[in-house]
Structure formats: C-alpha cells, structure tokens
Amino acid sequence: MSAALRRARAAFWQQVDRRLPNLTRRHRFEALPIALNQRRIYIVPSGFGLMFAVMLFAILAGALNYNNNGALLFGLLPVSLAVVSMHQTFRNLNQLQLVQVHADPVFCGESALFSFHFNAADGRTRFGITGRYLDTYRHIDVRSGETRRLDVPVPALARGWLSPAPLRISTVWPFGLFFAWSYLHSQARTLVYPRPESPAAPLPAVPDAGKLGGTDPGDDDLRSLRDYAAGDSPRMIAWKASARTGELLVRQLEVPRAKETILDFDAIIGLDLERKLSRLTRWVLDADRTGLRYRLDLPGQKIGPDQGHTHRLRCLKALAQYALAGS
Amino acid sequence: MSAADDLKPLLAARDQINEILVGKLAEVHLSLVSVLAGGHLLLEDLPGVGKTTLAHALAASLDLGFGRVQFTSDLLPADLVGVSVFDPNARRFDFHSGPIFTQLLLADEINRGTPKLQSALLEAMAEGQVTVDGVSHTLPKPFIVIATQNPIEQSGTFALPESQLDRFLLSMSLGYPDATAEKMLLGARERRQAIAELKPKLSAEQLMALRGKAENLHASAAAIEYAYALISSTRSDKRVRIGLSPRAGIGLLRAAKAHALLAARTHVLPEDLQAVFVAVARHRLVLAADASGDGASISRDLLAHVPIP
Amino acid sequence: MRSPVLSPRQFDWLLIAFSATLAPHLMWLPLMYGLMLGSILVLRYVQRRRYVRAWPGWIKFPLLIAVLVFVVAEFGNPLARQAGSAALIGLTVLKLIESENQGDGLRALLVCLFLNSVQFLFDQSLLVTVYMLIPTILVFVAMNELVAPPGTSGGIAGEFMRVGKEVVVLLAIALPLTVFLFLSVPRFESPLWGTRDNPWEAKTGLSDEMRPGSITELLADDSPVMRVTFDSAPPATSEMYWRGPVLVNFDGETWRRRAWRGATHLGEIAGPQFGGQSDLAYEVMLEPTDRNWVFALDVATGFPADVKQQVEGHLLRATRTTTVWVYRAASDLGASLAQGPAPYMYRRETLRLPENFNPQSIALGQRWAAEAVDRREIVDRALQHFRIENFSYTLTPPRLVGRHRVDEFLFETRSGFCEHYAQAFVVLMRAAGVPARVVTGYMGAERNRSSDYYLVRNRDAHAWAEVLLSDDGLWTRIDPTAAVAPDRISLGSGRYDDDSFFARDPWWQAIRMRTDALQHWFNAMVVRFDTMRQREFFSDLGIDSSDWRQLGLWMAGGIAVFGLAMSIWMFARRRMPIDPALARYRSFQRRLAKLGVAARPSEGPLDYAERAAQQLPSLRDAILDVSRSYAAARYADDAAALVSLDEALRRFAGLARTPRS
C-alpha cells in the first residue's frame with residue numbers, strides 16, 4: 001500500500017472517530033471483564049473479500065451467459081460459503097472476553113508493557129485474533145479454556161497515571177473475506193514514576209543519629225543474646241549473662257544496623273518541580289540499592305524511615321502522584 | 001455455636017502471642033494457620049527480628065514441647081536425630097534421642113546445615129519418624145518444624161533444594177517491627193521473661209481435634225476452581241520458570257481450610273485462599289533468570305490478577 | 001501494512017489447492033504442456049522448502065515465452081477459449097514461482113476458483129462435478145491458512161477438532177443455500193454476449209466427412225452420445241437407425257455432404273412437427289456434440305421447434321449443441337424417404353463417380369447392370385457378392401494406400417468395417433446406374449436395465465447406404481455391413497468383436513449401467529436445468545415464474561429461512577453452565593458498579609462487600625446480607641442460602657432504588 005493511501009486512510013478514520021464516536025464505539029474506561037457482543041462488533045467485507053466478489057461475479061455471469069450449470073454450481077458454492085463465513089467472522093469475536101489488563105509501573109521515558117488477557121466466554125476456540133494498538137499489531141489464538149495474553153508496549157511520556165488508548169480487536173477468520181472489529185477501552189492504568197535523574201546527584205549526607213526519629217540503635221542486649229541451642233559453639237556462650245538468668249545464653253554476632261538518610265524535597269534548591277522529583281526518584285533508587293534506611297520528605301507528607309521493597313514502592317508512588325491535578 | 005467455642009482457646013493463644021510479638025498480627029495469624037493445617041513453617045529473615053520469640057511463644061501458648069537446633073556446617077545428622085549407644089551394663093544398644101524429639105522444633109538457619117543434615121530433617125518432617133540404625137522411632141504428635149533461613153547471600157550456606165522447600169507448607173518473613181511497635185517493644189519488659197510467663201491456652205489433644213476439623217472443612221467446587229486457577233496462573237506466567245506443584249495445590253487448600261476455621265467459618269471462601277496464597281507460593285516459585293521481583297511479589301501480583309471464577 | 005511473507009505451511013497449502021485445481025485440466029491439456037507445468041511446480045516446491053525466494057527474472061522470462069509459444073503453437077488462435085484457458089493456467093503457474101507473500105497467494109487462489117469453473121466448459125460429467133468439490137474445498141482451506149496472521153493458526157486444517165463444529169455448520173448452511181440459489185437464479189433465455197458455442201472445437205464422434213481406409217483402427221469410444229426414453233414399447237435395437245448427415249459427393253478419397261449452391265436450396269420442413277398417432281414417440285437427451293445435428297430414428301416425423309428436417313431426411317438445429325440438450329421426437333419406422341424437389345438433378349449427383357478412379361469396381365458394376373433385369377437384382381447381386389466372396393468385418397482393417405481404394409478393398413484386402421462396405425456398395429451401385437448415397441449416423445443402442453432407457457455411444461457410429469430402386473420411387477435403406485456381419489446389426493457394437501473380460505462380465509456390465517444411469521439422472525437434474533426446466537420447477541411449486549412478485553416472494557422467503565438459520569446459530573452461544581448463585585451475584589455486582597463501586601475480578605465477596613459498604617454506608621446492611629448469602633450459597637453449597645440470597649437481593653434492590661440524599 002502506498003504511503004499516500006495509508007495517510008488518506010488514517011485521515012478518514014480520524015474523521016470517523018471524531019464525528020461518529022458511536023460508530024467506532026470507543027467506550028471510555030469500562031470495567032472488566034468486557035465481553036464483545038453484537039452491539040459493539042462491526043463487520044465489513046475486506047479488500048480481499050471485494051476482490052473475491054468481483055471474481056465470483058465474473059464466474060457467475062459467464063456461467064449464466066453460456067448456460068453452463070456446472071460452472072454456475074461452482075460459482076454459487078463459493079458465494080454461499082462466503083455468506084456463511086461472514087457469520088463465522090462475527091462469531092469469532094462475539095463473546096470473546098477481555099478478562100484482565102495488567103501493566104507493571106514504569107519510569108517516565110520507558111514503555112509500559114500492557115498485557116491484555118483474553119479468554120472465550122463461551123468456551124469456543126478463536127483463531128487469528130489481531131490486536132492493534134496505535135501502530136503495533138499483535139496476533140493471538142485463544143483456545144478453549146485458555147487465557148491468552150496480548151502484550152502491547154505503551155510509551156510512558158509523563159509521570160502519573162497512564163491509561164492506554166483504545167485497543168482495536170479484529171479478525172478475518174475463517175477465510176479473510178470479511179473484517180470484523182471492535183474497540184476495547186478498559187479502566188486499566190498503571191503508574192509512571194518520574195524519570196530518574198541522570199547523571200545521578202550524590203545522595204544527601206547521612207544525618208546525625210537521632211535526628212531521624214525512630215529507633216535508637218543503642219543497647220541491643222535482647223537481640224544479641226539468645227537461648228543456647230544444640231550445635232552452638234561453647235565459645236559463644238555468654239557465661240555472665242547465663243549466670244544472671246540461670247539459663248545458657250549465646251552471644252549473637254552483632255548485626256550492623258542500616259545507615260539512614262533523609263531525601264528532602266525542600267532541601268533541593270534551584271530546580272523546577274519535575275527535576276526535583278526526578279532527583280528524588282534517583283535517590284530513592286540509589287538508597288534502596290545500597291541498603292540504606294531512608295525517609296522521603298515531600299511537602300505535606302513524610303514517608304519512612306524504612307527500607308525494603310514495599311517502602312521503595314510507597315516512595316515512588318508518592319513521587320509519581322505528587323502535585324498532579326486530579327490525583 | 002460449638003465451632004466458635006472450640007476455637008476460643010486457640011484465639012486466646014493468638015492474642016497472648018500478639019502481646020509478646022507486637023505489631024505482627026498477620027504473621028502470628030499465619031503461623032497459627034500453619035500449625036492448624038499440620039504444616040511446617042519456613043521463616044526467611046535476618047536474625048534478631050523475633051523468630052525465636054514467635055516459636056517460643058507458640059510452643060508455650062499451645063502447650064507444646066519445644067526444642068531448638070542451630071544448624072551449622074559441622075552439625076551431624078546424629079546430633080539432630082539421636083544416636084544408638086552401647087550400654088555395657090545392659091549389653092545392648094540404647095537409643096539416645098536427639099533434639100528433634102520434641103513437638104515444636106525451631107531449626108535455626110537451616111541453610112547453614114549440610115545437605116545431609118537438611119535431608120535428615122526434611123525426611124523427619126515428611127514422615128513423622130526418624131530411622132536410626134534400621135530402627136524407626138516415631139516422633140511425638142503434633143510435630144511442627146519452624147525453620148529459619150537467612151535470606152542474605154552468605155558464604156558457607158547450602159541453599160535448600162527446590163524439592164525440599166516444597167515440604168514447608170507456608171513461608172513468611174517477619175520483617176522489622178514498625179516504629180510504634182518497636183518503641184513499645186523497647187519499653188516493655190524483657191521478652192524472655194514475658195515468654196516464661198505465658199500460659200498454655202489449649203492442650204495438644206485440643207489442637208489435634210481442631211486440626212481434624214480443619215481438614216474436614218467444606219471446600220466447594222467454586223473454591224477448588226479458584227484454587228486451581230491460582231495454581232495454574234503460576235504455571236503460565238513468563239516470570240516463573242517452575243510453577244506450583246500439585247502438592248502445593250493441596251497445601252494451598254489445606255492452609256485455606258485452616259484459615260477459614262480460624263475465621264470461624266464452615267467453608268472456604270476466596271478470601272481464605274487469597275490470605276494464604278502468597279505464603280504457600282513464595283518459597284516454591286522458581287523464577288525465570290530475568291524475572292524482576294521475588295517469589296512474594298510475583299505471587300501478590302498473580303493474586304491481584306487472577307479473576308475469581 | 002505490508003503483505004506478510006508466506007510461511008512454508010501456507011505455501012504448501014497454496015500448492016495443494018492449485019494442484020487439485022490443475023489436475024482435471026490435465027485431461028485436456030496437451031501432455032507436454034502438462035508435464036512442463038507440473039515439473040515447474042515440483043521444482044518450485046523443492047526450492048521453496050530450501051529457501052524463501054522468488055525465481056529471478058532470467059528464469060521467469062524464458063518460461064513465460066515458452067508458455068506463450070506453446071499455447072500459440074498448440075492451439076493457434078490465442079484468443080480462442082481453449083487457448084485462453086491453457087494460457088491462464090500457464091500464467092498462474094508462473095505467478096506461483098514468484099508468489100512469496102500473502103497477497104499474491106490469495107490472488108492465485110481466486111484464479112483457482114475461476115479455473116474450477118472453466119473446467120466445466122470441457123467436461124460436465126457427474127464424476128468431474130463431484131471431483132470439483134475437492135479443489136473448491138481445498139481452495140477455501142488454503143484461504144483459511146493464508147489469511148491467518150503471523151503466529152496464529154488457520155485452524156481448519158491443523159486443529160480441525162477445535163473448529164469441526166463450525167465447519168460442519170458452515171457446510172450445513174452453505175450447501176442447501178447453494179442448491180436454493182442454483183434453483184432460483186433466473187437463467188437467460190439467450191446469451192447476453194457471444195454465442196453459446198462450446199469453445200471445445202473438436203469433439204470426437206461423428207464427423208460430416210468419411211474417408212475409409214485412412215484410419216486403420218476404429219477406437220472403441222464408449223462415451224455417450226444420447227440417452228433415449230421411449231414413450232411406449234421400444235423397437236428392436238436392430239431397427240434403430242439414428243440418422244445423421246447424408247454423404248453424396250465422392251472425390252475418390254473422401255465422402256462429403258452435398259454442397260448446396262446458391263439458389264439450389266431444396267427446401268426443408270420446419271419444426272415443430274408432432275408425428276402421426278401411430279408413430280413411435282420418445283425423448284432424447286443429447287450430449288454436447290458441438291454440431292447442429294439432431295438425431296432421430298428413420299424416418300423422423302416429429303421434432304422440436306428450432307429444428308428443420310432436410311430434404312435428405314436428417315434434422316438440423318439452428319444452433320450447435322454445446323450443453324446437454326433434451327428434445328422430443330417421433331418416427332415412423334416403416335416409412336421411406338421421398339425424393340425432394342429437383343429430383344433429376346439430385347439423381348444425377350447420386351450417380352456421379354470421380355473419373356479415373358477404381359476401374360475394376362466400375363467394370364464390375366457395369367457388368368452387373370448389363371446382366372440384371374432390374375435394380376433390385378443389382379442390389380441383391382452386390383450383397384451376395386459381399387456374402388460369398390470371403391469378405392470379413394473387422395475394426396482393425398489394413399490401411400488402403402493406393403489411388404484406387406475401393407478396388408483395393410473389393411479385390412484385395414476384403415476386410416473392413418461399416419464405412420468400407422457402405423462406400424464400396426455405393427460405388428458399385430453408381431457404376432451399375434443405381435442412384436445411391438451414404439448415410440451416417442448411429443445404429444443400435446444399449447438398454448439400461450436399471451432405469452429403462454437406451455444409451456447410444458460413440459462406438460455405435462455407423463454408415464449405411466440408400467438407393468433408389470426406381471427413378472420415381474422412394475429411397476430404400478440397404479445396410480451392406482449386415483450382409484457381412486449380421487451380428488453387428490443384431491447384437492449391437494458392444495457385443496461384436498469384443499470378448500474381453502469387461503465385455504462379458506455381467507457384474508461389470510451392471511456397474512457400468514448403474515454409473516451411466518447416475519449420469520443420466522445428473523444430466524436431467526443439473527446439467528440441463530435451463531429456463532424451461534426452471535419454469536417447470538416453479539410451476540410445480542405453484543409459482544408463476546413470469547410474475548416477478550411471486551418470484552420475489554419466493555426468493556425473499558428462501559433468504560429469510562437461511563438468514564434465520566444463520567442467526568439462530570450465530571447467537572446460540574454455548575453458555576458455560578453458570579452457577580445460579582453466581583448469576584445473581586453478577587447482577588448484584590453490576591448494580592453496585594452503577595452506584596460507583598465496580599468489583600475487581602480478583603476480589604472476594606467479603607472484601608468487595610466491605611469496600612462497597614464503606615462507600616455506600618446507607619446500604620451497608622443490605623450489601624453485607626447479599627454477600628453473606630452468596631458466600632453461603634456458592635462456597636458452602638447451602639441450597640437454602642439461595643432463597644435468602646434472593647430475599648437479600650430484593651431488599652438491596654428496594655433500598656438501592658430509593659433516592660439517597
């Protein structure tokens with residue numbers, strides 16, 4: 001197909017979308033699961049279907065003109081098959097069900113991989129299902145009893161919630177003579193974290209102990225002594241403490257407490273909002289990687305101090321949503 | 001309602017443990033589920049977060065005999081299960097039982113033990129008996145193992161093989177107490193002393209009866225279907241190299257039944273399956289090489305995405 | 001989107017479909033041409049297996065030229081339809097060697113459908129018609145494979161078990177629809193363009209020329225010419241002389257029809273004629289002969305409208321017979337043909353012999369004329385001559401090569417078949433001054449016992465003679481072959497001179513008859529279903545096909561029936577057996593979703609209820625009630641809970657309707 005034709009087609013559909021939103025039925029944000037049905041499936045002859053029609057017209061005209069009933073019979077048979085196949089094309093989408101949409105959060109500038117999970121609500125196997133997301137095409141078969149995934153990358157251009165555009169589901173099964181399609185626009189969305197600053201600014205210096213609040217690492221008697229257990233080395237027995245309590249106690253190796261730091265929004269000076277968030281994001285990642293305990297201070301909220309996976313996610317989520325309209 | 005009455009002592013035990021182990025409601029609950037389901041528990045934590053306390057408190061509250069073994073690379077299987085010693089007076093061999101002959105065994109840092117030692121423990125866990133010099137010795141009932149495993153890569157550890165991890169019904173991580181709980185903890189009396197003051201809330205017989213009840217709890221076809229959907233989701237996920245085994249599926253249902261019993265229900269709800277799924281799955285999933293996240297986060301993700309049939 | 005490259009599997013299916021389409025055409029394509037195309041396809045298959053690439057131009061263009069040269073050399077006029085078909089087949093093969101993507105493949109499949117229908121220009125037999133189902137279905141299977149997007153399966157060929165039901169329904173609706181359309185599509189009375197001429201130029205069978213001696217073997221051509229059903233008792237097969245063209249002009253080598261020159265047209269009798277009361281009436285189903293000859297028993301007295309009876313007795317049709325044609329005819333078997341107008345001139349022509357040919361024969365004829373009292377005696381003398389002078393009947397006579405071929409036959413070889421005898425007899429008669437002519441046609445028929453009609457085959461072709469016993473008399477039929485081989489006449493061509501296993505085995509004969517009866521039925525039902533039959537069909541249904549409103553109603557009714565069948569099937573979803581509690585709960589979820597609390601698919605009933613109750617505090621109790629009852633009904637399998645679920649739902653519905661401030 002020539003580029004001009006492609007452009008013309010794109011322009012045409014753009015017009016249709018704009019003026020006849022009901023036709024393309026780009027439902028806004030539906031709840032899952034979404035089962036396709038006759039109210040939202042559209043079907044037209046495909047390009048190949050039109051070629052087929054022209055060819056069959058020629059065959060039938062010739063057969064009738066020359067009164068050749070054999071040729072007529074074998075012109076009418078493909079016509080009948082084509083007509084019935086239209087219904088099958090429709091049925092191939094009907095009751096196809098989008099059960100789940102899933103995407104992991106990403107950083108701004110990356111692509112979020114949205115997984116659309118399909119199954120057949122009525123248990124029939126579907127062949128040749130095509131999903132089109134913008135210019136990305138993905139093809140799947142959905143066999144009975146199976147849930148199949150259709151992954152499309154969605155570029156994350158701004159932090160905050162990212163909702164994918166409508167996904168077009170189409171099929172030409174079984175013979176390619178008809179093209180049936182439907183649009184799916186689910187509530188699915190994912191969070192886009194701010195883009196981590198690069199190159200990274202160094203982490204803020206570790207503040208004095210106590211400034212952070214929280215645990216005082218002080219005397220850790222309780223942690224460093226435990227009951228004697230079979231297999232413990234006698235050298236590890238804390239005899240003094242044992243004498244005091246009357247039970248054998250064992251010294252445990254000292255556990256180093258994690259260092260702590262504060263990632264403070266207000267302490268960053270001279271950058272605009274997005275770049276501040278960008279830097280904070282980088283710091284959260286760095287602090288997490290180096291095993292620091294950290295507290296994220298944003299105007300109006302303080303998160304932590306803490307460490308670990310969950311804490312990191314809480315911080316990133318707060319950064320992603322910070323000062324967003326409508327969040 | 002007699003079911004609720006039967007449960008009362010168990011719930012009392014739970015409350016008692018919660019007083020000692022502040023801020024770990026969910027974890028304490030899960031450990032009781034494990035005990036009730038007749039499974040063994042794997043704790044994956046750094047030292048010093050209260051694993052011992054939990055085990056101790058459980059044993060004291062449920063009136064179970066308590067034993068503890070610190071796994072090291074020089075510990076021999078005989079040190080664990082016991083040894084036959086020749087008694088010159090009686091002119092016969094006497095079996096001197098090892099620390100494993102107890103009702104609740106805390107196996108500390110199980111991944112520091114040699115594979116031989118690990119398999120001796122796991123055999124005992126699976127069969128409820130130990131065999132020394134060709135003679136089988138039955139372990140007391142109930143027999144519960146709470147094993148701890150240090151998650152940080154360290155030299156001198158022997159990672160448990162995947163097939164062995166399957167023997168643990170549930171696994172969890174206690175994690176650091178949150179700030180308020182930790183402060184409370186520091187202000188409280190010494191934990192060791194508190195444990196000593198714990199009173200048994202129910203007998204071993206009562207516990208065994210409750211176990212029987214949990215096992216016979218009703219799981220409808222719908223619940224089983226959901227359990228199957230969860231199990232099979234781990235098998236088709238690309239982040240997972242090896243999904244959950246059929247044994248894990250049985251364990252999931254067993255744990256869900258115990259969870260339902262603890263909630264004073266007569267049947268399993270999807271919520272019960274959801275409550276135990278992560279604990280059942282996290283240590284069993286073998287992740288793909290390029291998978292991001294760990295077993296727990298992937299299990300949580302699957303849980304959020306598998307629709308309830 | 002660029003058309004995707006065909007996968008090996010897709011390409012295989014394309015070749016399979018095309019090969020099945022090509023196969024029946026090989027029956028009429030020249031052998032060398034078929035071999036060439038076949039080997040190109042095999043090479044292409046092997047090459048495509050090894051690597052995916054179109055053949056380069058330096059291979060393609062010579063092949064293209066080879067195809068075109070072959071077609072022009074073999075068929076002459078490249079615009080004739082046979083040549084056109086051969087060229088189209090060749091070009092499609094060449095298209096396949098450069099077809100690498102889906103678009104090319106699909107276009108080739110459309111050409112396959114076209115070639116399938118072209119096949120019927122050459123053969124409309126039952127066997128071929130049934131066979132054509134195979135390429136048609138394969139073309140659709142290939143289409144199904146080709147349109148499958150990359151990474152997906154077409155399903156029909158590879159996973160038939162999963163779509164078998166769909167395919168069965170497809171055929172169960174499409175086949176009756178085809179029949180309905182076939183019956184209903186209005187046929188044209190006359191072609192919109194061109195003629196109905198069959199593009200098949202040279203059909204084997206009776207020709208309007210005779211050249212005895214130039215062929216040494218009469219091929220036993222079993223193909224049917226016509227099937228005849230008699231209204232009343234049929235005559236003996238030895239009485240069945242089906243009259244064809246009459247040959248008068250002889251140039252020493254070839255017998256030809258009399259050329260009507262300018263105004264000497266002798267006139268003809270136009271149809272329809274219905275024959276006399278006592279005449280034998282019958283219906284003939286004539287296979288396409290590509291001639292305008294119409295065969296009837298001698299002497300024809302009844303024949304259809306666009307047929308004219310020539311003065312020489314044979315029937316000619318206005319158009320050539322290109323498809324199976326059915327007509328009624330009547331004959332008076334006892335009658336003889338009268339001489340036409342201008343009898344003197346015609347008699348002169350039937351006495352003419354080429355000069356300086358066959359001196360011995362002419363001498364013999366003249367001697368008989370001198371000795372005989374009347375013409376009857378001359379005829380008897382000649383027949384007697386054939387009987388006593390060691391003449392024999394054979395289908396494999398020696399070739400006659402010399403100038404005087406009749407002499408050669410009469411005095412040397414003395415063996416031949418009907419043409420030799422008819423020729424020799426007529427030459428002798430003319431030499432003796434008896435006006436004589438050669439009549440060609442068919443003699444005899446085979447009765448089909450399974451459905452009681454008579455079958456005339458090409459091998460029943462025959463030649464006999466007619467003489468004028470007096471100048472003002474009638475033409476008398478003389479069959480000299482009967483003098484030599486009476487069995488040929490009494491038993492028919494099938495039994496004579498054929499003692500092979502197939503001819504004698506009764507079981508085999510029975511099978512042959514049944515197959516032919518099937519073909520007869522097929523011709524009657526399908527091939528000759530024309531405007532007239534369609535009118536009959538509609539009037540049997542009580543529909544006046546000339547009334548477009550009635551016809552329209554019929555079409556609309558039929559289409560409605562098929563539309564209904566398809567809709568029923570389309571919307572008949574196979575529902576998963578759904579739990580009654582779940583069904584109620586789903587509607588509850590939908591209601592709550594409208595109130596702003598949409599359920600998450602992975603949310604248990606208690607969690608959902610808790611969340612909903614928090615957001616809709618006024619409905620708290622009702623919501624918790626519903627989910628409790630649902631949980632009991634679905635997860636405790638408590639039958640009674642279904643009742644309380646219904647109650648709770650009603651309560652909830654009542655509360656949810658009342659407007660909340």
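Q: How many residues sit between S3(B) and S4(B) in their hairpin?
A: This is a predicted model, and in it S3(B) and S4(B) form a hairpin with 4 residues between them. In the turn, B:Arg91 has a positive phi of about 55°.

Q: And how do S3(B) and S4(B) pair, parallel or antiparallel?
A: Strand S3 (residues 82–87) of chain B pairs with strand S4 (residues 92–97) of chain B in the antiparallel sense, over 6 bridges. One residue to look at is B:Val83, whose bridge partner in S4(B) is B:His96.

Q: Does S3(B) lie largely in the open or is it buried, and why?
A: The number of buried residues among the 6 of S3(B) is 0, so the strand lies largely in the open.

Q: OK, switching to chain C. What is it made of?
A: Chain C has 22 helices and 20 strands, and 39% of its 661 residues count as buried. Taking the contacts in chain C with a separation of 6 or more, 72% of them are between residues 24 or more positions apart.

Q: Which strands make up the open sheet of 7 in chain C?
A: The order is S6-S10-S13-S7-S2-S18-S17 (chain C), and the pairing is antiparallel. The edge strands, each of which pairs on one side only, are strand S6 (273–274) and strand S17 (446–448) of chain C.

Q: How is S6(C) joined to S10(C)?
A: S6(C) and strand S10 (residues 300–303) of chain C run antiparallel and are joined by 2 bridges. In this pair, C:Gln273 stands opposite C:Phe303 in S10(C).

Q: Which helix packs on that sheet?
A: Helix H16 (residues 506–527) of chain C does, and it touches strand S2 (224–230), strand S7 (280–286), S17 and strand S18 (453–457) of chain C. The direction of H16 makes about 80° with that of S17(C).

Q: Staying with helices, at what angle do H20(C) and H21(C) cross?
A: The axes of helix H20 (residues 605–615) of chain C and helix H21 (residues 620–635) of chain C cross at roughly 175° and come within 9 Å. That angle makes H20(C) roughly antiparallel to H21(C).

Q: Which residues meet there?
A: From H20(C) there are C:Pro605, C:Leu606, C:Tyr608, C:Ala609, C:Ala612 and C:Ala613, and they meet C:Arg620, C:Ile623, C:Leu624, C:Ser627, C:Tyr630 and C:Ala631 in H21(C). By class, the residues of this contact divide into 10 nonpolar, 1 polar and 1 charged.

Q: What about the largest nonpolar core, which residues touch the most other members?
A: That core has 118 residues, and those touching the most other members are C:Leu14, C:Ala17, C:Leu109, C:Cys112, C:Val139, C:Ala142 and C:Met143. Its largest share, though, comes from helix H4 (residues 69–93) of chain A, with 11 residues.

Q: What is C:Ala142 in contact with?
A: Leaving aside neighbours within four places in sequence, C:Ala142 is in contact with C:Trp13, C:Leu14, C:Ile16, C:Ala17 and C:Leu109. There is also a second, separate core of 115 residues, which includes B:Leu244, B:Ile298, B:Val306 and C:Ala622.

Q: Last one, how many helices and strands are in chain A?
A: Chain A has 8 helices and 17 strands, and 37% of its 327 residues count as buried. One of its sheets is an open one of 3 strands in the order S4-S12-S9 (chain A), with mixed pairing. Helix H8 (residues 309–321) of chain A lies across S9 and S12 of chain A, running at about 85° to S12(A).

Conventions:
Residues are numbered from 1 along each chain as its sequence is written. Chains are lettered from A and ligands numbered from 1 in the order in which they are written. This is a predicted model: local features need pLDDT of at least 70, side-chain atom pairs count only at pLDDT 80 or more; totals for chains, interfaces and linings use all residues. A residue is buried if 20 or more other C-beta atoms lie within 10 Å of its own, exposed if 12 or fewer, and partly exposed in between; C-beta atoms are placed from the backbone. Two residues are in contact if their C-beta atoms, placed from the backbone, lie within 7 Å. Axes are lines fitted to C-alpha atoms, for helices over the stretch in contact, and angles run from 0 to 180 degrees between N-to-C directions. Angles under 35 degrees count as roughly parallel, over 145 as roughly antiparallel, 65 to 115 as roughly perpendicular and the rest as oblique. Ala, Val, Leu, Ile, Met, Phe, Trp, Tyr, Cys and Pro count as nonpolar, Asp, Glu, Lys and Arg as charged, and the others, Gly among them, as polar. A nonpolar core is a set of buried Ala, Val, Leu, Ile, Met, Phe, Trp, Tyr and Cys residues joined through C-beta atoms within 7 Å. Two strands pair if DSSP finds at least two bridges between them.
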